[in-house]
Structures are given as C-alpha cells and as structure tokens.
Amino acid sequence: MIESKNRKILLFSLLAIAITIFIGFTGLIMGADVEAIGPNGSKVGFATMNKAVNKLVNNDYVILWNVISDIILYFNLLMALGVGFFLMYQWGKKRSLFKVDKELLIYIITFFLLISFWIIFDYFIVVNYRPVLIDGELESSYPSTHVMVVTFVSGTGTLLINKYAKIRNIEYVSLFIAVLFVSLTLVSRVLSGEHWMSDAIGGFILGMTLILVYICGASLFQYPERRK
C-alpha cells in the first residue's frame with residue numbers, strides 16, 4: 001500500500017514537472033531571442049536556433065518528409081481509433097460504461113484533452129507562425145500537432161499493448177516502434193519546412209506531458225498491471 005502511494009506521488013510529481021517545463025518552454029519561445037525571421041516578417045522565438053536548423057531544409061525532399069510524417073500520423077490516429085473501438089466492444093459486452101477497463105476511459109478523456117490543446121494553440125494562443133505560408137496565409141505552428149499526437153498515441157499505445165497483448169517480448173518491439181515513430185516525426189516535421197525546431201520540441205514535451213496525464217489518471221485505478 002505504501003509502495004503504491006509512493007509510486008503515485010512520484011508520478012504526479014513528474015506530471016507537475018512536465019507541465020512546468022512545457023509552460024516554461026512556451027514562455028521562453030514567446031520572449032527569448034525573438035526576431036522577424038518568418039514569412040511576411042513574422043516574429044519567431046529562439047530565432048538563432050530555429051534559423052540555423054531551418055537552413056537544413058532541402059526543397060527537393062520536402063514532399064517526401066511531408067508524406068513520411070503524414071503516414072505516421074494517420075497510422076497513429078488509426079491506433080487511437082482502435083482503442084475507441086475496443087472500448088465500445090467492452091461497453092457492449094459488459095453492458096455498462098462503468099464496467100469497461102478504466103485505463104481505456106482515461107485514454108479517451110486524455111485524447112480529448114489533446115484535441116483541446118490543438119484547438120487552443122491553433123486558434124486562440126498563437127506562439128509561432130510556420131516557416132512557410134499556407135495558401136498564401138500565415139498559419140499557427142506551435143506546438144507541432146503531428147509530433148504531439150504521435151508522441152502521445154505511440155507512448156500510450158506501448159503501455160496498452162504491454163497490458164493486453166500476450167506475445168513474448170512484445171514490450172521491446174512496441175517500444176522500439178514508438179521511439180522510431182516519434183523520432184521520424186520530429187525530424188520529418190522540421191525537414192519538411194512546415195515547422196520550426198522549437199515547434200517540434202514543444203509538441204514532444206506536450207505529448208510526453210499528456211502521456212503522464214494518462215498514466216497518473218490510470219494509476220488511480222491501480223494501473224498498469226500486466227495480464228498473465
């Protein structure tokens with residue numbers, strides 16, 4: 001009991017740290033090394049770093065990097081949809097939403113929280129604009145939605161696979177795939193020219209923070225426990 005309580009304290013402490021890091025990083029982007037290096041003279045934080053990394057973009061490969069990031073994103077969205085269908089299956093089988101596995105409910109709630117962050121940063125809190133114009137217009141780019149979604153879905157997907165899949169060494173395979181997906185998405189969003197480096201970093205931090213939100217929520221129901 002004491003060990004379980006200490007584990008929850010540790011998890012919620014890590015969540016508090018992650019939230020603080022994201023808020024701090026976002027604040028720095030809005031006020032540190034801000035220069036007009038974007039399209040139409042749009043101002044960008046961490047300008048020195050972002051400008052240097054953006055020079056690595058090769059126009060001959062931007063379409064390829066865009067395709068790679070989109071494929072990974074759509075695959076992860078399908079995984080999230082699969083979790084939703086699994087929840088519906090349990091709901092129908094157990095005839096009560098309150099009898100389905102609680103981590104599935106926490107997952108759906110956290111995913112809606114992710115959507116909320118996307119709406120907030122896309123339409124209400126504009127931190128940075130993209131390095132390129134979209135249909136001739138400036139468009140919000142922080143944090144990278146691709147990176148945020150892939151980080152959250154791949155990370156939580158690894159936890160769910162470890163819980164439900166009865167395949168030997170599946171945890172190592174799922175972890176490798178998750179790391180590969182997140183790494184490729186981070187790199188591809190920057191090299192596609194669609195995002196600044198700080199956008200990708202912010203998306204990763206927020207995605208990791210949402211994973212901790214999910215783990216903390218699920219831990220209240222004594223999760224995770226690997227099924228034997």
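Are Arg 130 and Glu 194 buried or exposed? Both are buried. The points below go through this pair and the rest of the predicted model.

1. **Confidence.** This is a predicted model. The mean pLDDT of the protein chain is 90. Of its residues, 96% reach 70 or more. Among the elements, helix 7 (residues 197–219) has the highest mean pLDDT, at 95. Helix 1 (residues 2–31) has the lowest, at 89.

2. Over residues 223–228, pLDDT stays under 50. The model still has 18 contacts beyond four places in sequence for these residues. Where pLDDT is low, predicted coordinates should not be read in detail.

3. **Salt bridges around Arg 130.** The count of salt bridges comes to 4. Side chains of opposite charge can pair when their charged atoms come close. Arg 130 forms a salt bridge with Glu 139, with the closest N and O atoms 2.7 Å apart. Arg 130 also forms one with Glu 194, at 3.4 Å between the closest N and O atoms. This second pair links distant parts of the chain. Arg 130 sits in the loop between helix 4 and helix 5, and Glu 194 in the loop between helix 6 and helix 7. They are 64 residues apart. Through shared partners, Arg 130, Glu 139 and Glu 194 join into one network.

4. Arg 130 has 12% relative accessibility, so it counts as buried. Glu 139 is at 30%, so it counts as partly exposed. Glu 194 is buried, like Arg 130.

5. **Lys 94 and Asp 101.** These two form another salt bridge, and the closest N and O atoms are 3.6 Å apart. Lys 94 counts as partly exposed because its relative accessibility is 33%. Asp 101 counts as buried because its value is 11%.

6. Thr 110 and Phe 112 belong to helix 4, which covers residues 102–124. Thr 110 has 2% relative accessibility and therefore counts as buried. Phe 112 has 52% and therefore counts as exposed. Leaving aside neighbours within four places in sequence, Thr 110 is in contact with Phe 152, Leu 210, Val 213 and Tyr 214. Phe 112 and Val 34 are 78 residues apart in sequence, and their C-alpha atoms are 32 Å apart in space.

7. **Helix 5: Thr 151.** Thr 151 lies in helix 5 (residues 145–164). It counts as buried because its relative accessibility is 2%. Its side chain reaches the backbone oxygen of Val 147 at 2.7 Å. Beyond neighbours within four places in sequence, Thr 151 is in contact with Val 182, Phe 204, Gly 207, Met 208 and Ile 211.

8. **Helix 6: span and packing.** Helix 6 (residues 170–191) has 22 residues. From first C-alpha to last it reaches 31 Å, close to the 32 Å expected at 1.5 Å a residue. Its buried residues include Ile 170, Ser 174, Ala 178, Phe 181, Val 182 and Thr 185. Arg 189 is also one of them. The buried residues of helix 6 pack against helix 2 (47–54), helix 3 (62–94), helix 5 and helix 7.

9. **After helix 6.** Gly 193 follows helix 6. Its phi is positive, near 80°. Glu 194, the partner of Arg 130, is in the loop between helix 6 and helix 7.

Methods
Residues are numbered from 1 along each chain as its sequence is written. Side-chain values use heavy atoms; hydrogens and water are left out. Helices (H or I, at least four residues) and strands (E, at least two) are DSSP runs, numbered from the N terminus. Buried means under 20% relative accessible area, exposed over 50%, partly exposed in between (1.4 Å probe, protein chains only). Contact means heavy atoms within 4.5 Å. pLDDT is the predictor's confidence in each residue, from 0 to 100. A polar contact is a pair of N or O atoms within 3.5 Å; within protein, one must be able to donate a hydrogen and the other to accept it, and residues adjacent in sequence count only if both atoms are side-chain atoms. The expected span of a helix is 1.5 Å times one less than its number of residues. A salt bridge is a side-chain nitrogen of Lys or Arg within 4 Å of a carboxyl oxygen of Asp or Glu.
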